[in-house]
Amino acid sequence: MTERKPPGVDFESWVDRQIREAAERGAFDRLEGMGKPLASADTPYDEMWWVREKLHREGFAALPPSLALRKEAEDAMEAVHAARSERQVRAVLAEINEKIRAALRRPPPGPPLRLSVFDVDEVLAAWRAGRTG
């Protein structure tokens, strides 16, 4: 909508004309999500919805880095319990241990980290015991 509303024209009729012309040009054909229900139709109204969506799209974390790493460590342990092979367990532990080592070398801002590197052999032994029992 690049043109301005002409003086003397009712705003509503001007908008209606813009919409009608766009529909005739096919501007509304094959829109993303066409024919699908709105994702937020059943959720209660949140006046800060756009802020939350923007933060999510930008990858902004609401937690301080030290707490975010603690949460990531918890998620890693859940991934270990769900792992189907020893290789997956080792990969998950290697990734989180690398992040923990980096945070221990240079502590992130925020609350104390209170994390130590996971003992791979110990976690694997517990994983194996959980698989057989």
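Reader: What makes Arg-128 and Glu-86 a salt bridge?

Author: In this predicted model, the closest N and O atoms of Arg-128 and Glu-86 are 2.9 Å apart. The cut-off is 4 Å between a side-chain nitrogen of Lys or Arg and a carboxyl oxygen of Asp or Glu, so the pair qualifies as a salt bridge.

Reader: Why is this pair said to tie parts of the chain together?

Author: Arg-128 lies in helix α5 and Glu-86 in helix α4, so the bridge ties together parts that are 42 residues apart in sequence.

Reader: Why is Arg-128 called partly exposed, and what puts Glu-86 in that class?

Author: Partly exposed covers the range between buried, under 20%, and exposed, over 50%. Arg-128 has a relative accessible area of 37% and Glu-86 one of 28%, so each value falls in that range.

Reader: How do you know that Lys-99 and Glu-72 form a salt bridge?

Author: Their closest N and O atoms are 2.2 Å apart, and the limit is 4 Å. The pair links distant parts of the chain, with Lys-99 in helix α4 and Glu-72 in helix α3, 27 residues apart. Lys-99, at 33% relative accessibility, is partly exposed, as is Glu-72 at 31%.

Reader: Which residues are linked with Glu-72 and Lys-99 in a network of salt bridges?

Author: Glu-95 is linked with them in that network. A search of the whole structure finds ten salt bridges.

Reader: What makes Lys-71 and Asp-75 a salt bridge, and where do they lie?

Author: The N to O distance between their side chains is 2.8 Å, which meets the 4 Å limit. Both residues lie in helix α3, four residues apart, about one turn of the helix. Lys-71 has a relative accessible area of 39% and is partly exposed; Asp-75, at 33%, also counts as partly exposed.

Reader: Which residues touch the most other members of the largest nonpolar core?

Author: Leu-69, Val-80, Val-89, Ile-96 and Phe-118 do, in a core of 17 residues. Helices α3 (65-82), α4 (86-105) and α5 (120-132) each supply at least two of its residues. The most come from α4, which gives six.

Reader: Why are these core residues called buried?

Author: Membership in a nonpolar core requires being buried, and buried means under 20% relative accessible area. In soluble globular proteins, nonpolar side chains tend to be buried together.

Reader: Which residues does Ile-96 touch, not counting residues up to four places away in sequence?

Author: Ile-96 touches Leu-69, Glu-72, Ala-73, Ala-76 and Phe-118. Contact here means heavy atoms within 4.5 Å.

Methods
Residues numbered from 1 in each chain as written. Predicted model: local features only at pLDDT ≥ 70, side-chain atom pairs only at ≥ 80, totals over all residues. Heavy atoms only, no water. Core = buried A, V, L, I, M, F, W, Y, C linked by side-chain atoms within 4.5 Å. Buried < 20%, exposed > 50% of the residue type's maximum accessible area, 1.4 Å probe, protein only.
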